[in-house]
Amino acid sequence: MKSFKRVTPLVMALGALAIAGSAYAADTIKIGIPQPMTGPATQYGDQIQAGALTAIEAINEAGGVKGKKLEPLLIDDGCEPKQAVPAANRVINSGAKFAVAHACSGTTVPAVNVYEQEGIVAITPGATSPLVTDTIKPHYFFRTIGRDDQQGPFAADYITKQLKPKSVAILHDKQTYGSGVATQVRDNLTKSGGNVTLFEGINVGDSDYSAVITKLKSLNPDLIYFGGYHAELGLLLRQAREQGLTTQFMGPEGVANKDLVAIAGPAVKGLLVTLPSDFTKLPGNEKVLEHFKKYKRSPDGAFTLTAYAAVQILVDSINAVGADPAKVADYMHSNTFNTAIGKVEYDAKGDLKEFEFAVFKWDDAGNLEQLKL
């Protein structure tokens with residue numbers, strides 16, 4: 001004779017909740033959002049969350065996707081390469097088949113392999129290193145931002161044609177993103193006949209850059225380009241000005257963090273930065289901006305509208321072919337999309353065929369002005 005265990009009301013209630021939870025999960029389309037939520041790159045994660053969540057909330061309010069609501073899953077990757085794979089695995093373990101993934105290139109490069117192996121369609125709104133897509137030539141991974149070999153030549157062209165320096169010194173932080181974009185700038189300046197008098201790496205986390213500043217003062221370049229993030233550039237700027245070096249500085253989008261002002265102080269004035277163009281001015285984005293106003297978020301920031309566009313592309317593709325990631329990836333490779341960053345079209349590796357960068361100038365309060373080319 002079989003023995004039976006008595007089922008208590010509590011067990012029955014927990015079972016009902018589990019069933020309800022499963023049903024809820026089945027009625028949603030999960031989108032992982034692994035971004036830096038702690039650490040010095042938090043502002044970039046905040047921008048991506050603002051863009052992705054605003055798009056998700058607007059789409060859900062309009063009825064969702066094929067009768068299902070989008071369910072965002074916020075995950076912290078700290079902009080740390082060692083957290084890349086654990087963060088990507090958390091996306092997969094959640095049951096999500098889609099992701100608005102990773103702001104930082106050093107985190108994105110190891111994470112791409114995970115998404116590719118598991119067939120997760122992921123779009124980065126912020127990682128610009130060519131290594132993201134050149135290393136394994138992924139099918140499931142995409143960007144809504146240009147590569148460093150688009151940004152670097154753009155910066156070099158601006159330097160050559162607009163600034164016209166007699167000599168340029170280039171520093172970088174020895175990391176995937178910083179050294180990559182600095183190399184692109186160096187190579188393109190050299191190709192166009194520019195005089196690069198220094199190409200040197202600095203150590204991330206150092207508090208005293210006096211040695212390299214002394215070297216810069218002896219070389220007396222007309223322009224100093226720095227490839228890396230805001231924490232190191234902030235110290236370089238402040239210490240350079242304190243030591244009497246007044247040379248013009250320039251950097252890529254990774255330095256464009258409001259916290260730069262807190263580190264560099266008034267030394268930030270006049271800094272030139274290449275960033276995605278100000279897409280808030282793009283004709284046709286009026287409704288997008290209304291969504292940000294409605295949900296009380298700012299549309300400003302280098303990666304905010306690139307993240308909004310990532311959600312738009314995923315939703316357009318799911319509406320077209322359903323929520324099968326393989327079909328979505330195929331659709332994304334073979335179609336064009338009208339988004340908050342304009343027309344988007346992908347090559348075979350998931351890179352944008354075109355992307356619009358611009359040059360911005362900082363004032364001493366950290367406000368940015370887009371310069372005309």
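The entries cover pockets, then the cavity, then helix pairs.

**Ground rules.** I worked from a predicted model, in which local features need pLDDT of at least 70 and side-chain atom pairs count only at pLDDT 80 or more, while totals for chains, interfaces and linings use all residues. Residues are numbered from 1 along each chain as its sequence is written, and side-chain values use heavy atoms, with hydrogens and water left out.

**Largest pocket.** I took a pocket as an open set of points on a 1 Å grid over the protein atoms alone, with protein on both sides within 12 Å along at least five of seven lines; lining residues have an atom within 4 Å of a point. Grid points are joined across faces, edges and corners, and a volume is the space filled by probe spheres set on the points. For the largest pocket I noted about 470 Å³. It has 20 lining residues, and Leu275, Asp300, Gly301, Ala302 and Leu368 are the closest to its centre. I then looked up which elements contribute: helix 2 (42-61), strand 10 (272-276) and strand 13 (357-362) each give at least two lining residues. Helices (H or I, at least four residues) and strands (E, at least two) are DSSP runs numbered from the N terminus. By class, the lining of the largest pocket has 10 nonpolar, six polar and four charged residues. Here Ala, Val, Leu, Ile, Met, Phe, Trp, Tyr, Cys and Pro count as nonpolar, Asp, Glu, Lys and Arg as charged, and the others, Gly among them, as polar.

**Second largest pocket.** Its volume is about 360 Å³. I listed 19 lining residues, with Pro40, Cys79, Gln175, Val204 and Tyr229 nearest the centre. Helix 4 (105-118), helix 7 (176-191) and helix 9 (230-242) give two or more residues each, and helix 9 has the largest share, with three. The lining of the second largest pocket divides into 10 nonpolar, six polar and three charged residues.

**Cavity.** How many cavities of 30 Å³ or more are there? I found one, a cavity being a set of points where a 1.4 Å probe fits but cannot get out. The volume of the largest cavity is about 60 Å³. Its lining includes Tyr44, Ser105, Tyr177, Tyr229, Glu253 and Phe303. By class, I noted six nonpolar, four polar and one charged in that lining.

**Helices 11 and 12.** Helix 11 (residues 286-294) packs on helix 12 (residues 304-321) at about 105°, with axes 12 Å apart; axes are lines fitted to C-alpha atoms, for helices over the stretch in contact, and angles run from 0 to 180 degrees between N-to-C directions. Helix 11 is therefore roughly perpendicular to helix 12 (65 to 115 degrees; under 35 is roughly parallel, over 145 roughly antiparallel, the rest oblique). Val288, His291 and Phe292 of helix 11 meet Thr304, Leu305 and Tyr308 of helix 12, contact meaning heavy atoms within 4.5 Å.

**Helices 2 and 12.** The crossing of helix 2 and helix 12 is right-handed, meaning that the near helix is turned clockwise from the far one by less than a right angle. Among the residues in contact are Ile48, Ala52 and Ile59 of helix 2 and Ala307, Val311 and Val315 of helix 12.
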